[in-house]
2 protein chains.
Amino acid sequence: MLADRRRPRKAFTNIVRFLTARGYAEGMAGRAVYAKGIAKREEILGAALAVVAAQGYRGASVRDIADAAGLSPAGLLHYFGSKEELFVAILQARDEHDLRTYADQDATAAFLAVIRHNASVPGLVQLYAQLAAAAGDPAHPAHAYFRERTALLEEPFRELFAAAQERGEIRDDVDPGWIVRTLRVLADGLQSAWLVDPGIDMPAHIEQFLALLRPLPATAR
Amino acid sequence: MLADRRRPRKAFTNIVRFLTARGYAEGMAGRAVYAKGIAKREEILGAALAVVAAQGYRGASVRDIADAAGLSPAGLLHYFGSKEELFVAILQARDEHDLRTYADQDATAAFLAVIRHNASVPGLVQLYAQLAAAAGDPAHPAHAYFRERTALLEEPFRELFAAAQERGEIRDDVDPGWIVRTLRVLADGLQSAWLVDPGIDMPAHIEQFLALLRPLPATAR
DNA sequence: GGCGAAAACCGAACACTGTTCGTTATTCAT
DNA sequence: ATGAATAACGAACAGTGTTCGGTTTTCGCC
């Protein structure tokens, strides 16, 4: 019953397992089943991201992406039901990659690492920001995606911060749910702002916020 | 030379004056000069917002908006050079309205009042979130708009928070620039998140953040 | 190893998008 | 009342995402 007092580690391994088991990740990758199809699907995702990075979200048409992937528009739509679903699939692939890459790190360290890495892939950030806004429409595929993703990611983070509170590492007069939501909303907003003004130092900004959460110096001095 | 120690009031009056003088507000409202034209321009703005509120951002075509305003698409484009500029003009009109409405209030109170009011106009929030994301593209009209708006609004807020720090009302170990940027980014991100999950209490969330800025109880107890 | 069902893929068409252009009708200062 | 600028339109345009019927390719199974 005594709480584990060691530093939190491998925070996301259970999420990764849950996601892959659920088919959220590359397992049920749409309608691709043949070996060639699976490879092509991956190629399309890469081509789409490259086109977005090169021409921006606005300038990325299905025809452009299909050309870049060596495919006709109709051939592309065979894998992803629509352009919107293709874009969502890119974000899902990114999630899966990030989870696998940072699964064995401390939660906040992984969070900061992702943010730091994002600054090197503006095309992806642009796509994310655009879809996060479009997710406001319940009919948009991104809506369900963001709802699921948020619920899935916030839960373990909440527990981690609650544990950190009990350990006395962060102030105990703030709700862990509020912290997690703030971090998410702050990160999303920062990325949108960073696209407009690349001078913004996203990791430093987040770290400043985390510093605000440190406990009051009542017992410290 | 002694600083005014009263509570901050009428925080935005100078901004309003600056904006209107610059033509940012309804003064240089595009190409409308005749009485009928000015009225029609206003009608289009209202119709566009109504269509967005009713059909969502995605479902709001130029033809729909033109119909709602009793105009042909070409007639509409006479006032606003493009659909994107029309949407930016809606946000500008909103800014102007908000500034006039809350100009005589305390800055943070006005900020919270705007957020609170936004929860009653989801169409407008959706439009704002969408354009804030699109502003990442330097070629998009929203880019220049958001850059100007950010610079214009953050400056006085920064000074207000710096003054509040000197008055000892908020912790002095955080950069006022960071506070202001965080508030903006937090508000923007919250609105996007609220569109996905309307259960979020935006004003309460912001107030929680402001509470974190209150000075440490070093002298208090 | 060839059969056949399913997947992969395409060409052509479709409805719709935002925008341009030439032209006509209306406004309003002089 | 005149005339130059504004207001407004119809028609056309290139481009969009998507659908559909059909052909080619893959690959497990007998």
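This report describes the fold, the chain pairing and the DNA surroundings of a predicted model.

## Fold of chain A

Chain A contains 10 helices and 0 strands, and its elements follow one another from the N terminus as α-α-α-α-α-α-α-α-α-α. Of the 221 residues in chain A, 32% are buried. Where contacts in chain A join residues at least 6 apart in sequence, 62% of them link residues at least 24 apart.

Helix H5(A) comprises 20 residues and spans 29 Å from its first C-alpha to its last, which is close to the 28 Å expected at 1.5 Å a residue. The buried residues of H5(A) are A:Leu86, A:Phe87, A:Val88, A:Ala89, A:Ile90, A:Gln92, A:Leu99 and A:Tyr102.

## Nonpolar core

In soluble globular proteins, nonpolar side chains tend to be buried together. In this model the largest nonpolar core has 99 residues. The residues with the most contacts inside this core are A:Ala48, A:Leu131, B:Ala48, B:Leu131 and B:Leu186.

Leaving aside residues up to four places away in sequence, A:Ala48 touches A:Ile65, A:Leu86 and A:Ile90.

## Symmetry of the two chains

Chain B is superposed on chain A by a rotation of 180° with 0.0 Å of shift along its axis, at an RMSD of 0.0 Å. The two copies are therefore related as by a two-fold rotation axis. Within chain B, the C-alpha nearest the axis belongs to B:Gly189 and lies 2.2 Å from it.

## Interface between chains A and B

The contact draws 31 residues from chain B and 31 residues from chain A. On the side of chain B that touches chain A, the elements giving two or more residues are helix H7 (122-134), helix H8 (141-166), H9 and helix H10 (202-212) of chain B. H9(B) gives the most to this side, with 11 residues. By class, the side of chain B that touches chain A has 17 nonpolar, 10 polar and 4 charged residues. Because 100% of the interface residues of chain B are also interface residues in chain A, the copies meet through the same surface.

Helix H9 of chain B covers residues 176-196, 21 residues in number. From first C-alpha to last, H9(B) reaches 30 Å, close to the 30 Å expected at 1.5 Å a residue. H9(B) is mostly covered, with 17 of its 21 residues buried.

## Surroundings of the DNA strands

DNA strand D is surrounded by 24 residues, of which A:Ala35, A:Ser82, B:Gly37, B:Ala74 and B:Gly75 are the closest.

The surface near DNA strand C has 11 nonpolar, 6 polar and 7 charged residues.

Technical notes. Residues are numbered from 1 along each chain as its sequence is written. Chains are lettered from A and ligands numbered from 1 in the order in which they are written. This is a predicted model: local features need pLDDT of at least 70, side-chain atom pairs count only at pLDDT 80 or more; totals for chains, interfaces and linings use all residues. A residue is near a molecule or strand if its C-beta atom, placed from the backbone, lies within 6 Å of it. Helices (H or I, at least four residues) and strands (E, at least two) are DSSP runs, numbered from the N terminus. The expected span of a helix is 1.5 Å times one less than its number of residues. A residue is buried if 20 or more other C-beta atoms lie within 10 Å of its own, exposed if 12 or fewer, and partly exposed in between; C-beta atoms are placed from the backbone. Ala, Val, Leu, Ile, Met, Phe, Trp, Tyr, Cys and Pro count as nonpolar, Asp, Glu, Lys and Arg as charged, and the others, Gly among them, as polar. Copies are superposed by least squares on the C-alpha atoms of residues with pLDDT of at least 70 in both. Two residues are in contact if their C-beta atoms, placed from the backbone, lie within 7 Å. A nonpolar core is a set of buried Ala, Val, Leu, Ile, Met, Phe, Trp, Tyr and Cys residues joined through C-beta atoms within 7 Å.
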